[in-house]
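Welcome! Let us take a walk through this protein together, one stop at a time.

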Amino acid sequence: MGVEIERKFLVAKESWRGLDGGTTYRQGYLAVDAERTVRVRTAGEKGFLTIKGTGTGLTRPEFEFAIPVAEATALLDDLCLKPLIEKVRYRIPHAGLIWEVDEFQGNNRGLILAEVELSHAEEAIVLPDWVGEEVTGDPRYYNSYLVGRPFTAW
């Protein structure tokens, strides 16, 4: 079984810009409820199907499968809840970890989040100077929440 352990933060400064070229993401959800999410995503020219369950603390079960990008695109266009999540993801190394900075577009324009995946829930991290308030566990910042309640409507 796959496991996701991550922490999420608002981005407070612009000094991360220029550290990576970024990859365009489109993602949508086939199912969103208290026990599970089923996500379809394109990342550049790759497609993925991801199933996440309910977890405890920073940890939750996650299963991700590569799928053909044409199938992912068809699922996004025809079956996923709307609006889709559109963002550019930047992967930035810092203090031995890879930080993913998501700059949202479309209905979530203006929101910039940074997350870091950990090997265990107690792993110590060194925060980059551009990271602000921690929002781990705040459901308003889950991508699945942003589908039904876009950031531009807050």
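Is strand 3 largely enclosed by the rest of the structure or largely open, and why? Seven of its eight residues are buried, so strand 3 is largely enclosed by the rest of the structure. Here buried means under 20% relative accessible area, exposed means over 50%, and partly exposed lies in between, using a 1.4 Å probe and protein chains only. Helices (H or I, at least four residues) and strands (E, at least two) are DSSP runs, numbered from the N terminus.

Before we go on, a word on what you are looking at. This is a predicted model, in which local features need pLDDT of at least 70 and side-chain atom pairs count only at pLDDT 80 or more, while totals for chains, interfaces and linings use all residues. Residues are numbered from 1 along each chain as its sequence is written, and side-chain values use heavy atoms, with hydrogens and water left out.

Now let us follow the neighbours of strand 3. Two strands pair if DSSP finds at least two bridges between them. On one hand, strand 2 and strand 3 are antiparallel partners over seven bridges, and a hairpin of three residues joins strand 2 to strand 3. On the other hand, strand 3 runs antiparallel to strand 4, with eight bridges joining them. Two residues sit between strand 3 and strand 4 in their hairpin, and Gly44 in that turn has a positive phi of about 65°. Thr42 has Gly47 in strand 4 as its bridge partner.

Start at Gly28, whose bridge partner in strand 3 is Val40. Val40 in turn stands opposite Leu49 in strand 4, and the bridge partner of Leu49 in strand 5 is Phe65. Strand 4 and strand 5 are paired by six bridges in the antiparallel sense. Their hairpin has five residues between the strands, including Gly57, which has a positive phi of about 60°.

Although 57 residues separate Ile85 and Gly28 in sequence, their C-alpha atoms are 6.1 Å apart in space. Ile85 has a relative accessible area of 0%, so this residue counts as buried. Beyond its neighbours within four places in sequence, Ile85 is in contact (heavy atoms within 4.5 Å) with residues including Tyr25, Tyr29, Phe104, Leu146 and Val147.

Two backbone details are worth a stop here. Most residues other than glycine have a negative phi, and most peptide bonds are trans. The peptide bond from Lys82 to Pro83, however, is cis, with omega near 0°; Pro83 is in the loop between helix 1 (69–78) and strand 6. Ala95, in the loop between strand 6 and strand 7, has a positive phi of about 50° although it is not a glycine. Ala95 has 56% relative accessibility, so it counts as exposed.

With 12% relative accessibility, Glu100 counts as buried. Its side chain makes polar contacts with the side chains of Arg89 (3.3 Å) and Arg91 (2.9 Å). A polar contact is a pair of N or O atoms within 3.5 Å; within protein, one must be able to donate a hydrogen and the other to accept it, and residues adjacent in sequence count only if both atoms are side-chain atoms. Not counting residues up to four places away in sequence, Glu100 also touches Tyr90, Leu113, Ala114 and Glu115, among others.

Our last stop is the largest pocket, with about 820 Å³ of space. A pocket is an open set of points on a 1 Å grid over the protein atoms alone, where a 1.4 Å probe fits, with protein on both sides within 12 Å along at least five of seven lines; lining residues have an atom within 4 Å of a point. Of its 38 lining residues, Glu4, Glu6, Lys52, Arg60 and Tyr142 are the closest to the centre. Strand 3, where we began, gives the most to this lining, with five residues.

Definitions and conventions: Points joined across faces, edges and corners; volume = space filled by probe spheres on them.
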